Structures are given as structure tokens and as C-alpha cells.
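Trainee: Could you take one part of this model and go through it slowly with me? I'd like to look at the charged side chains and then at what surrounds them.

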Amino acid sequence: KEIAELQSSVKNLSVAAEEGEKLAQQCDEMKTELKSLRSENAELVENYNSERILRKKYYNIIEDMKGKIRVYCRARPLSGSEKERGNHSVILSPDEYTVQVQTKRGVKEFAYDQVSW
């Protein structure tokens with residue numbers, strides 16, 4: 001009787017081991033796929049940003065040809081005394097046409113014809 005129970009336990013353990021090996025293999029495959037998708041996503045984000053900048057550049061050229069009014073944004077860096085008081089900048093510029101302002105309600109994004117620091 002005890003031998004039958006042990007044989008049953010061994011059988012159950014071998015089935016569990018096979019399932020564990022299959023799951024480990026699936027996990028490795030998913031890790032590989034995740035790595036591939038992350039690199040593809042990074043490439044797509046980079047392509048999107050470069051295309052957005054290029055599109056804005058062409059748009060600005062067309063607007064210049066039309067003689068439209070241009071809107072520029074210049075943000076000055078913090079002065080030494082502002083830094084000493086512990087102030088920090090709430091403005092980010094992800095590209096040369098966009099300004100992101102961190103507010104209490106979240107990040108607000110503004111688009112200009114050109115942004116300079």
C-alpha cells in the first residue's frame with residue numbers, strides 16, 4: 001500500500017515537473033518576445049519623434065511662405081539665487097517646438113513655432 005502511494009506521488013511529481021519545464025520554456029519565450037517588443041517600441045517612438053519634428057519643420061516653411069505670424073517661446077534658466085532657495089524648473093522641452101509645463105493638475109503641453117532656452 002505504501003509503495004503504491006509512493007509510486008502515485010512520483011507520478012504526480014513527474015507530471016508537475018513536466019508542466020514546470022513547459023512553463024519555464026514559455027516564460028523564456030515570453031521574455032525574448034518582450035525584449036523584441038520593447039526594442040521595436042523604442043524604435044517606433046524614435047521614428048515618430050523624428051517624423052513629428054520633420055513635419056513641423058515643413059509646416060513652418062509653408063507658413064513662412066504664406067507670411068503668417070510666428071509664435072516663439074523662450075524660457076530662461078533658473079538664476080543662482082533661485083537655485084539657492086531650492087526652486088526647480090517645471091518646464092521641459094522634448095523637442096525644438098514643444099514645451100511641457102508641470103502643474104498641480106498634471107503636465108500641460110504647448111506647441112510653438114520655435115522654442116529656445
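Mentor: Let's settle one term before we look: a salt bridge here is a side-chain nitrogen of Lys or Arg within 4 Å of a carboxyl oxygen of Asp or Glu. The idea behind it is that side chains of opposite charge can pair when their charged atoms come close. Keep in mind that this is a predicted model. By that rule, the count comes to five salt bridges.

Start with the network, which links Asp 64, Arg 70 and Asp 113. Within it, the side chains of Asp 64 and Arg 70 meet at 3.1 Å, N to O. Asp 64 has a relative accessible area of 47%, so it counts as partly exposed.

Step back one residue along the chain and you find another pair. Glu 63 makes a salt bridge with Lys 66, and their closest N and O atoms are 3.8 Å apart. Both residues belong to helix H1 and lie three residues apart, about one turn of the helix. Which of the two is buried and which is exposed? Buried means under 20% relative accessible area and exposed means over 50%. Glu 63 has a relative accessible area of 9%, so it is buried. Lys 66, with 54%, is therefore exposed.

H1 covers residues 2-66, and at 1.5 Å a residue its 65 residues should span 96 Å. The C-alpha atoms at its ends are 93 Å apart, which agrees with that expectation. Just after H1, Gly 67 takes a positive phi of about 85°.

As a reminder, strands of a sheet pair through backbone hydrogen bonds, either parallel or antiparallel.

Take the two pairings in turn. S2 and S3 run antiparallel over three bridges, and they form a hairpin with two residues between them. Across that pairing, Asp 95 stands opposite Thr 98 in S3. S3 and S4, also antiparallel, are joined by six bridges. There you'll see Gln 100 standing opposite Glu 109 in S4.

Back to the charges for one more pair: Glu 82 forms a salt bridge with Arg 76, and the closest N and O atoms are 3.0 Å apart. Glu 82 has a relative accessible area of 14%, so it counts as buried.

If you were wondering about cysteines, the structure holds zero disulfides. Cys 27 is at 37% relative accessibility and so counts as partly exposed. Cys 73, at 16%, counts as buried.

Note on methods: Residues are numbered from 1 along each chain as its sequence is written. This is a predicted model: local features need pLDDT of at least 70, side-chain atom pairs count only at pLDDT 80 or more; totals for chains, interfaces and linings use all residues. Side-chain values use heavy atoms; hydrogens and water are left out. Helices (H or I, at least four residues) and strands (E, at least two) are DSSP runs, numbered from the N terminus. The expected span of a helix is 1.5 Å times one less than its number of residues. Two strands pair if DSSP finds at least two bridges between them. A disulfide is a pair of cysteine sulfur atoms within 2.5 Å. Buried means under 20% relative accessible area, exposed over 50%, partly exposed in between (1.4 Å probe, protein chains only).
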